[in-house]
There are 2 protein chains.
Amino acid sequence: MDNSNLPHHISQQFDAELERLRSQVFAMGGLVEEQVKKAITALTEGDTALADEVTTGDIQVNAMEVDIDEECTHIIARRQPTASDLRLVIAVIKTITDLERMGDQAEKVARIGRELAEMERPRNGYIEIQSLGTHVQNMLRGALDAFVRMDAEAAVKIAKMDLQADHEYEAIIRQNMTFMMEDPRTIKRVLGATWAARALERIGDHAKNVCEYVIYLVKGKDVRHTTLEQLEKEATEG
Amino acid sequence: MDNSNLPHHISQQFDAELERLRSQVFAMGGLVEEQVKKAITALTEGDTALADEVTTGDIQVNAMEVDIDEECTHIIARRQPTASDLRLVIAVIKTITDLERMGDQAEKVARIGRELAEMERPRNGYIEIQSLGTHVQNMLRGALDAFVRMDAEAAVKIAKMDLQADHEYEAIIRQNMTFMMEDPRTIKRVLGATWAARALERIGDHAKNVCEYVIYLVKGKDVRHTTLEQLEKEATEG
């Protein structure tokens, strides 16, 4: 990992602890990525065994959040970090909350996948879920990269991707309404796909949240809302 | 405020600081409540002046988050809190993040309200938005009360209310689909109402998040996911 944007301490031990903390977040993020990917495949391919794996995997995601949370508490108590170190630890605490919730959403997608597996498959093979899913997976990956590299510019770029996630989600709702009108027998299945899309869209939101922490961490408090409001403004006007 | 559930310190000054912190969170929460209430009225009554007030008010919500965040950082740096005090400060940091996002959602409802004000009103006066809005307002109020009183039992009760918010939101989507099928000329207006409902449902989610922090704060890490999974289980099986 590239450490050039991180402060260095006289205590090499403290440096090692912070490095370890970042690695733990990256590992947790990697697991959540895996969960999201599996959940989407489970749904689009009707693979119930994979859906079960996601349910089991969520327990590990939860356990990682508890471990990292505890590690953060220990670091604060032991090292009494200030300024940017403290901000880093706080950003980690916030980030893992969002990662854990992404895990919950992945679990939800897997659960819906199990239900849909018992119904007739749509001709398009849930292509719209696949597309939104790929998009939010890219956001998650990008947010984690921005976090590990403390790259505020990349974080702004990824945060902006949430606009497309919102648009795709809204398009899915519109399209699904048409499907249901055309063939009311599909209503149960189409609603299931709609809730799965909602879960994916929310994963995009959480990825955006992680980007906001990176911006806060790198730029400090003063520009936080300014930057986000600028982002929001551009998003609204886009 | 009832302090009986909070630890007391030899340093009265520290006690006063923590008390002040709780009051700040309560004040911020009160402002967000006000914002949510105004936004719902702005939308259901087509009151664009009120919608403008919400937009202006959001700047104050953001400023309060920054202030409290800074206060938390100072307390950690100055007091080096451990155990339950540190957990309290961390819970405050997480809570204000959710409060700020509720403010953003209120602002979104107000913005949609401005758009809908220029269109024909539905005969039912957006009664379904009013109903979901009242429900999530009650959740927000309950979550803040549980937070200030550090009442985990109340927090579990409020968190469970999110199930009804989800059901109401899903019912709104179904109903709105029917409306659009019956009269395609209403599509733009009905979609606007759908996105407003989504913003309100998300406010319910954030209120539930605050409840989770209270549970974590009072019960400690070990029961956190257990309690939440039990909640989730009951919610799914309900």
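Okay, let me start with one residue: at 40% relative accessibility, A:Arg141 counts as partly exposed. Keep in mind as we go that this is a predicted model. The partner of A:Arg141 is A:Glu33, and the two form a salt bridge whose closest N and O atoms are 3.0 Å apart. A:Glu33 sits in helix α1, residues 12–45 of chain A, while A:Arg141 sits in helix α4, residues 127–149, so this pair ties together parts that are 108 residues apart in sequence. And is A:Glu33 buried or exposed? A:Glu33 has 18% relative accessibility, so it counts as buried.

Now here's another salt bridge in chain A: A:Arg114 with A:Asp52, with 2.7 Å between the closest N and O atoms. Again we're linking distant parts of the chain, because A:Arg114 is in helix α3 (residues 83–117) and A:Asp52 is in helix α2 (residues 48–79), 62 residues apart.

Let's hop over to chain B. B:Arg114 and B:Asp52 make a salt bridge as well, with the closest N and O atoms 2.7 Å apart. B:Arg114 lies in helix α3 of chain B and B:Asp52 in helix α2, so parts 62 residues apart in sequence get tied together. The accessibilities here are 23% for B:Arg114 and 40% for B:Asp52, and so each counts as partly exposed.

Some salt bridges share partners, and that joins A:Glu170, A:Glu201, A:Asp205, B:Arg198 and B:Arg202 into one network. Over all chains, the count comes to 28 salt bridges.

So how do the two chains sit relative to each other? A rotation of 180°, with 0.0 Å of shift along its axis, superposes chain B on chain A, and the RMSD is 0.0 Å. That is the relation of a two-fold axis. The same surface serves both copies, with 100% of the contact residues of chain B recurring in chain A.

On to the interface itself. Here 42 residues of chain B are in contact with 42 residues of chain A. Between them the chains bury about 4,000 Å², and 56% of that is on carbon and sulfur atoms. How many salt bridges cross this interface? There are 12. One to look for is B:Asp69 with A:Lys94, where the N to O distance is 3.9 Å. There are also 15 residue pairs in polar contact between chain B and chain A.

Which elements of chain B give two or more residues to the side that touches chain A? Those are α2 (48–79), α3 (83–117), α6 (162–182), α7 (187–219) and α8 (224–237). The largest share, 10 residues, comes from α7(B). By type, the residues on that side of chain B divide into 15 nonpolar, eight polar and 19 charged.

Last stop: A:Tyr169, which you'll find in helix α6 of chain A, residues 162–182. This tyrosine, A:Tyr169, counts as buried because its relative accessibility is 0%. Leaving aside neighbours within four places in sequence, the contacts of A:Tyr169 include A:Leu132, A:Thr194 and A:Glu201 in chain A, and B:Tyr169, B:Trp195 and B:Arg198 in chain B.

Definitions and conventions. Residues are numbered from 1 along each chain as its sequence is written. Chains are lettered from A and ligands numbered from 1 in the order in which they are written. This is a predicted model: local features need pLDDT of at least 70, side-chain atom pairs count only at pLDDT 80 or more; totals for chains, interfaces and linings use all residues. Side-chain values use heavy atoms; hydrogens and water are left out. Contact means heavy atoms within 4.5 Å. Buried area is the accessible area (1.4 Å probe) that two parts lose on being put together, summed over both. A salt bridge is a side-chain nitrogen of Lys or Arg within 4 Å of a carboxyl oxygen of Asp or Glu. A polar contact is a pair of N or O atoms within 3.5 Å; within protein, one must be able to donate a hydrogen and the other to accept it, and residues adjacent in sequence count only if both atoms are side-chain atoms. Helices (H or I, at least four residues) and strands (E, at least two) are DSSP runs, numbered from the N terminus. Ala, Val, Leu, Ile, Met, Phe, Trp, Tyr, Cys and Pro count as nonpolar, Asp, Glu, Lys and Arg as charged, and the others, Gly among them, as polar. Buried means under 20% relative accessible area, exposed over 50%, partly exposed in between (1.4 Å probe, protein chains only). Copies are superposed by least squares on the C-alpha atoms of residues with pLDDT of at least 70 in both.
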